[in-house]
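Here are a few friendly notes to read alongside the structure. Take them one at a time, and keep the 3D view open as you go.

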Amino acid sequence: MTRTKKTGIKTRGGRVAVIGALGLASVALAAGPAFAKGDVDITAPRTAQVGKTITVKAHGGDDSAGFLHQLCLEENGFGEGWHQETCSPVVEGDAQVTAHGTSARRGDLKFRAVLYGLTSPHDQKPVRLHASDVVTVHVR
């Protein structure tokens, strides 16, 4: 007598259930929202001398469709709160900006870069897309 493998309804039903679940998962992932990828990088010296020039550079981009981009540098120092130092021109691709400044006193200056999306060059309500990490310059 030879034994044969059973391929009954339970085995086939399990396979169908797994295939159906995988198909449903792939449809759900395809129908989900697409997230734009982008980043902002900022560079600044770690230390600076009082009265000497401090150069801060930032570069950022995003692949979101329908937006022009503008990159702005913001500063926070000596208890003043965050405020914009300078902004790049409005561009279609990656944006970059450089700021040169000096500090008249000792202490820590913090900088960050913020990438905005605009629908036109004169958009009055830009959308904040990404922000860089905060970098600190110790002025001595």
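1. Which residues line the largest pocket? In this predicted model, the lining is made up of I54, V56, E75, F78, E85, A99, H100, G101, T102, S103, L109 and F111. With four residues, β6 gives the most.

2. By type, the lining residues divide into six nonpolar, four polar and two charged.

3. Next, please find E74 in strand β4, which covers residues 68-77. Is E74 buried or exposed? E74 has a relative accessible area of 7%, and it counts as buried because that value is under the 20% cut-off.

4. What does E74 meet in the model? Leaving aside neighbours within four places in sequence, E74 is in contact with W82, H83, Q84, E85, K110, F111, R112, V114 and Y116. With R112, the side chain of E74 makes a polar contact of 2.6 Å.

5. Finally, a word on confidence. The protein chain averages a pLDDT of 84, and 74% of the residues score at least 70. Over residues 27-32, however, the pLDDT is below 50, and this stretch has zero contacts in the model beyond near neighbours in sequence. Where pLDDT is low, the predicted coordinates should not be read in detail.

Methods
Residues are numbered from 1 along each chain as its sequence is written. This is a predicted model: local features need pLDDT of at least 70, side-chain atom pairs count only at pLDDT 80 or more; totals for chains, interfaces and linings use all residues. Side-chain values use heavy atoms; hydrogens and water are left out. On a 1 Å grid over the protein atoms alone, a cavity is a set of points where a 1.4 Å probe fits but cannot get out, and a pocket is an open set with protein on both sides within 12 Å along at least five of seven lines; lining residues have an atom within 4 Å of a point. Helices (H or I, at least four residues) and strands (E, at least two) are DSSP runs, numbered from the N terminus. Ala, Val, Leu, Ile, Met, Phe, Trp, Tyr, Cys and Pro count as nonpolar, Asp, Glu, Lys and Arg as charged, and the others, Gly among them, as polar. pLDDT is the predictor's confidence in each residue, from 0 to 100. Contact means heavy atoms within 4.5 Å. Buried means under 20% relative accessible area, exposed over 50%, partly exposed in between (1.4 Å probe, protein chains only). A polar contact is a pair of N or O atoms within 3.5 Å; within protein, one must be able to donate a hydrogen and the other to accept it, and residues adjacent in sequence count only if both atoms are side-chain atoms.
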